[in-house]
Amino acid sequence: MGAVTPGLVCGHHHLYSSLARGMPPPPVRPTTFVEILQQVWWRLDAALDLEMLRWSALLGATEALMGGTTSIIDHHESPAAIEGSLSVIADACAEVGVRVLTAYGVTDRWDDQGRLVEDDWPPAKMTDSARRGLAENERFLRDGGRGMVGVHAAFTCSDDTLAAAAGLAADLGVGVHVHVAEGIVDQDAGARLAGLARDDWLLVHCVHLDRDLPGTIAHNPRSNMNNGVGYARPAARPNPVVLGTDGIGADMLEELRLAYARLREDDVEATADIPWGWLAAGQRWFPEVAGDRVTWSYDHADSPWHLAFTPGVRALRVEVDGELLLDDGRPTRVDVDEVRAKAAEQAARLHARL
């Protein structure tokens, strides 16, 4: 037993959602998963600009580091600020010292007149917005950025857009990062992605996936519960599984406890070693974390059976690539109080647009 572990990996994040906390209520109370997307998240991401994005990523990366998370797989969307957005995220994370693998989530949910598609799923043709998103992925990756090709979800993409994203990823030697069958509205995702998915894809959620697809599943138990979409039962799948937060911070020990509790609700014979394995599987995406050193406030931080029942464990000290990035619980490269204050200013700007 020990208080020191490698760095943790968040297997699916939306760093832009760091500014969502305290946002004003939607104009219409959502009662379904699609309405949550339409009334909350699609309104929020459409209001983002690059300055907001910078401070949301700085805040998200800083909070990740303070939780012992040294690497993040991010999925981004900002339809009014696409060009350059992935570089803004990567630069902000580098400023904190946290690694990031990011992607822009292409979608056809905005038509060429800038109108949000309400219910005609999937869209019939590729839109200009999707082309711009593909171009941002390509620009970032060809410039040496660490990333994947992002897709929002099959139900908001035309067949042409899905094929173009898969083709671009294959050409660039990376996988596709895509939400899969999160809600019933996307229950046809399996059939539409069956001929495209590859082992290097990251398949997020898979709650209502009706078949096995190649790739790694990113399991986000807190988000799935929050959106009322059901339980993905990742332990029943043959795929590798990683743990993500779907944008609700990057406290991976808290997500571990939630994953364990949700798993036990489904299968009382399941052990804490299963979600522990999901957490450890993030190292496949960031092998460097094996050399990171996180010192925790608890001397059983390397034991899944202890952590599953011990809330409040804090990172005290974090070393990444030999550099001390967190000392006595505070970041060394950035002023956490300034980051929070500046992020609050940008959150106020964002909320005023909603």
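How many salt bridges does a search of the whole structure find? The search finds 26 salt bridges, a salt bridge being a side-chain nitrogen of Lys or Arg within 4 Å of a carboxyl oxygen of Asp or Glu.

This is a predicted model, in which local features need pLDDT of at least 70 and side-chain atom pairs count only at pLDDT 80 or more, while totals for chains, interfaces and linings use all residues. Residues are numbered from 1 along each chain as its sequence is written, and side-chain values use heavy atoms, with hydrogens and water left out.

| Salt bridge | Closest N and O atoms |
|---|---|
| R192 and D159 | 2.7 Å |
| D210 and R211 | 2.9 Å |

Helices (H or I, at least four residues) and strands (E, at least two) are DSSP runs, numbered from the N terminus. E63 is partly exposed at 23% relative accessibility, as is R21 at 46%. Buried means under 20% relative accessible area, exposed over 50%, and partly exposed in between (1.4 Å probe, protein chains only).

R192 forms a salt bridge with D159; D159 is exposed, at 53%. D210 is partly exposed at 49%, and R211 is partly exposed at 34%. A network of salt bridges links R99, R146, E288, D292 and D321.

R109, in the loop between β4 (99-106) and α4 (128-142), is buried, with a relative accessible area of 1%. Beyond its neighbours within four places in sequence, R109 has contacts (heavy atoms within 4.5 Å) that include W42, D45, E77 and H152.
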